[in-house]
Amino acid sequence: GSSTPRHTAHHRIPRRVLARAAQTGVLAVSFKVKNAMSAKLTPVRLTYALMHCKLMTLNAQSGIMGLGVPAYRPTNLVLEFPDDAPPAAGAATLWVHAHIQNHKLHVRDTPGSPNGFPRAGILDTDSGEPYYTELERARDPMAALKMQQRYWPHLGALRLRLGVSGQTVDWMFLKDYSQYSPEGGFVDSVAISTESMQQFALSRKITLTLEIPPGDSTIIIRSVVLAYPHTEA
């Protein structure tokens, strides 16, 4: 049969619903398919924090420069959460909702090309052209800046750091989204260890940095959600 684009979506479950589920240890979830003969749901993930949960959200209305608008590339988007942040009692989870135009995986280094010679770090640009070809043809004055692309897994990947461009946490949006519809953007999550979260305990303020790679296509960070458990009443 014919295939259709995939979509990513998320939905918040109220605390009272989880509290009822905690009494039985089972949370039953059902989905109703509308306007389609059938649908395949995979993967389906449930994520929640234990103990008391601190939940903080940043979006275009939060006053953070660079949120909700096309980002300069490359750039470091500093995420300062304004809420009081009690010390973490466990690992945190960060969700990022982003619109990434032309998100695609390209291999930074491959074993070889069809003629048997090594590729030696060839990286395709957003337009699909081999990088060295574009540089030779256009004699781009920004060539030195664009060569930074070789340090990124691919041009749709974002890197999360602690503080203001501090310790690296992990890469985000490394997955292959080629079969997903880009209309609503993509959602990805990353875990931040308890040890990493403890560095914010004294200041009770959390600052993270999203590194956005070089490139010509549009990247818009729609929202960022941070959740973690704590023990304060």
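What follows goes from the whole chain to its core, its sheet and some residues of interest.

## Ground rules

This is a predicted model, where local features need pLDDT of at least 70, side-chain atom pairs count only at pLDDT 80 or more, and totals for chains, interfaces and linings use all residues. Residues are numbered from 1 along each chain as its sequence is written, and side-chain values use heavy atoms, with hydrogens and water left out.

## The chain at a glance

The protein chain has four helices and eight strands. Helices here are DSSP runs of H or I with at least four residues, strands are runs of E with at least two, and both are numbered from the N terminus. Reading from that end, the order is α-β-β-β-α-α-β-β-β-α-β-β.

Of the 233 residues, 33% are buried. Buried means under 20% relative accessible area, exposed means over 50%, and partly exposed is in between, with a 1.4 Å probe and protein chains only. The chain exposes about 14,600 Å², and carbon and sulfur atoms supply 53% of that; the areas come from the Shrake-Rupley method with a 1.4 Å probe, and for residues only the protein chains shown count as cover. Among contacts with a separation of 6 or more, 73% are between residues 24 or more positions apart. A contact means heavy atoms within 4.5 Å.

## The nonpolar core

The largest nonpolar core takes in 36 residues, and Phe81, Leu94, Ile206 and Ile221 have the most contacts inside it. Such a core is a set of buried Ala, Val, Leu, Ile, Met, Phe, Trp, Tyr and Cys residues joined through side-chain atoms within 4.5 Å. The elements that give it two or more residues include strand E1 (52-59), strand E2 (75-81), strand E3 (92-100) and strand E8 (219-230).

Leaving out residues up to four places away in sequence, Leu94 touches Phe81, Leu160, Met172, Asp188, Ser189, Val190, Ile192, Leu208, Val224, Val225 and Leu226.

## The four-stranded sheet

Which order do the strands take in the open sheet? Four strands line up as E1-E8-E3-E6, with antiparallel pairing. E1 and E6 are at the edges with a single partner strand each, so one side of each has no neighbour in the sheet. The twist from one strand to the next averages 15°; axes are lines fitted to C-alpha atoms, for helices over the stretch in contact, and angles run from 0 to 180 degrees between N-to-C directions.

Two strands pair if DSSP finds at least two bridges between them. E1 and E8 pair over eight bridges, and Thr57 sits opposite Val225 in E8.

## E4 and its two partners

E4 is mostly covered: five of its five residues are buried. On one side sit Leu158, Leu160 and Leu162, and on the other Arg159 and Arg161, all of them buried.

Leu160 stands opposite Asp170 in E5, and its bridge partner in E7 is Leu210. The hairpin of E4 and E5 has five residues between the strands, and Gly163 there takes a positive phi near 65°.

## Two histidines in E3

His97 is in strand E3. A polar atom of the His97 side chain lies 2.8 Å from the backbone oxygen of Gly184. Not counting residues up to four places away in sequence, His97 touches Gly184, Gly185, Phe186, Val187, Ile220, Ile221, Arg222 and Ser223.

His99 is also found in strand E3, and at 22% relative accessibility it counts as partly exposed. The bridge partner of His99 in E8 is Ile220. With residues up to four places away in sequence set aside, His99 touches Pro182, Gly185, Thr218, Ile219, Ile220 and Arg222. His99 and Gly156 are 57 residues apart in sequence but 9.9 Å apart in space, C-alpha to C-alpha.

## Helix H1

Is helix H1 (residues 15-24) largely in the open or buried? Of its 10 residues, the number buried is one, so H1 lies largely in the open. After H1 comes Gly25, with a positive phi near 80°.

Notes:
A polar contact is a pair of N or O atoms within 3.5 Å; within protein, one must be able to donate a hydrogen and the other to accept it, and residues adjacent in sequence count only if both atoms are side-chain atoms.
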